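Student: I would like to go through this model with you and ask what stands behind each term that is used for it.

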Amino acid sequence: MVTKLKIRRIEQGIKQKDLAKVAGITTQYLYNLESGKAKNPSIPVMKKLAVALDDSVENLFIKES
């Protein structure tokens, strides 16, 4: 499953290692978030990723029913 997080990162042309650095997480953890292996990032991490991708936490992480 490709997550909104990964799609947005690719649309922005940002490399995983660069986004991970901005968010203060490892590249492996970002990979796990993007692949759905990691399911519950902390609120501060979600906010940092959303800001870096010029998007909202809700759009990137809240699943639509």
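Student: Where is the place of M46?

Tutor: M46 has its place in helix 4, a helix being a DSSP run of H or I with at least four residues, numbered from the N terminus. The model is a predicted one, in which local features need pLDDT of at least 70, side-chain atom pairs count only at pLDDT 80 or more, and totals for chains, interfaces and linings use all residues. Residues are numbered from 1 along each chain as its sequence is written, and side-chain values use heavy atoms, with hydrogens and water left out.

Student: Why does M46 count as buried?

Tutor: Buried means under 20% relative accessible area (exposed is over 50%, partly exposed in between, with a 1.4 Å probe and protein chains only); M46 has 14% relative accessibility and therefore counts as buried.

Student: With which residues is M46 in contact, leaving aside its neighbours within four places in sequence?

Tutor: They are P41, V57 and F61, where contact means heavy atoms within 4.5 Å.

Student: What makes helix 2 roughly perpendicular to helix 3?

Tutor: The axes of helix 2 (residues 16–23) and helix 3 (residues 27–35) come within 8 Å and cross at roughly 105 degrees. Because angles of 65 to 115 degrees count as roughly perpendicular (under 35 roughly parallel, over 145 roughly antiparallel, the rest oblique), helix 2 is roughly perpendicular to helix 3. Helix 2 contributes Q16, K17, L19 and A20 to the contact, and helix 3 contributes T27, L30, Y31 and E34.

Student: Which residues of helix 3 are buried?

Tutor: They are L30, N32, L33 and E34, and the buried residues of helix 3 pack against helix 1 (4–12), helix 2 and helix 4 (43–52).

Definitions and conventions
Axes fitted to C-alpha atoms, helices over the stretch in contact; angles between N-to-C directions. Helix = DSSP H or I, 4+ residues; strand = E, 2+ residues; numbered from the N terminus.
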